[in-house]
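Please examine the sequence and the structure shown below before reading on.

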Amino acid sequence: MGFAINDVQIPDPSSFSGAASDLDTLGTRSTTGELHRNKVATKHHMKLSWNGIEWDMIRYIGGLLAQGDRFRFTYIDAIEGIQTITAYCGDREWEAIMCTDKFDEKWLGTLSVSVIEI
């Protein structure tokens with residue numbers, strides 16, 4: 001689908017969800033209850049999850065997210081299509097299990113990441 005961190009392509013997640021939040025500097029109500037807003041921006045945040053990926057890929061994606069306190073993130077927006085935002089990484093969760101067969105042992109796991117627009 002076209003996910004990237006600092007213009008480096010990453011594998012499409014197994015699932016992702018997103019939301020948009022409006023930011024106001026001031027919100028008041030009149031005596032009749034009508035809301036008067038001063039909307040200054042709309043910011044996006046999303047959660048991405050990868051399931052059954054190799055441990056090296058979990059580390060690779062984690063390393064891209066840890067290169068600084070912010071990064072360019074490219075994703076597919078449900079309304080606007082492909083978007084690139086400046087974001088930071090929120091919670092990161094991972095789990096790994098050892099998979100063994102007759103010929104090979106490898107770690108497979110899950111990774112969940114929150115990405116929040118600055």
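The sections below describe this predicted model, from the overall fold to the cavity.

## Overall fold

The protein chain contains one helix and seven strands. Read from the N terminus, the order of these elements is β-β-β-β-α-β-β-β. The radius of gyration is 19 Å, well over the 13 Å that the globule rule gives for 118 residues, so the protein chain is more spread out than a compact globule.

Along the principal axes, the C-alpha atoms occupy a box of roughly 75 × 25 × 25 Å. Of the 118 residues, 27% are buried.

Strand β3 covers residues 15-29 and pairs with β4 in the antiparallel sense, over 13 bridges. One of the residues involved is Arg29, whose bridge partner in β4 is Leu35.

These two strands, β3 and β4, form a hairpin with five residues between them. In the turn, Gly33 has a positive phi of about 90 degrees.

## The cavity

The model has one cavity of 30 Å³ or more. The volume of the largest cavity is about 40 Å³.

Which residues line the largest cavity? They are Ile5, Ile10, Leu48, Trp50, Ile61, Leu65, Phe73, Val113 and Val115. The lining comprises nine nonpolar residues, with no polar and no charged ones. At least two lining residues come from each of β4 (35-54), α1 (55-65) and β7 (105-117).

Key:
Residues numbered from 1 in each chain as written. Predicted model: local features only at pLDDT ≥ 70, side-chain atom pairs only at ≥ 80, totals over all residues. Heavy atoms only, no water. 1 Å grid on protein atoms, 1.4 Å probe; cavity = no way out; pocket = protein on both sides within 12 Å on 5 of 7 lines; lining within 4 Å. Points joined across faces, edges and corners; volume = space filled by probe spheres on them. Helix = DSSP H or I, 4+ residues; strand = E, 2+ residues; numbered from the N terminus. Nonpolar A, V, L, I, M, F, W, Y, C, P; charged D, E, K, R; others polar. Pairing = 2+ DSSP bridges. Rg over C-alpha atoms; globule rule 2.2 N^0.38 Å. Buried < 20%, exposed > 50% of the residue type's maximum accessible area, 1.4 Å probe, protein only.
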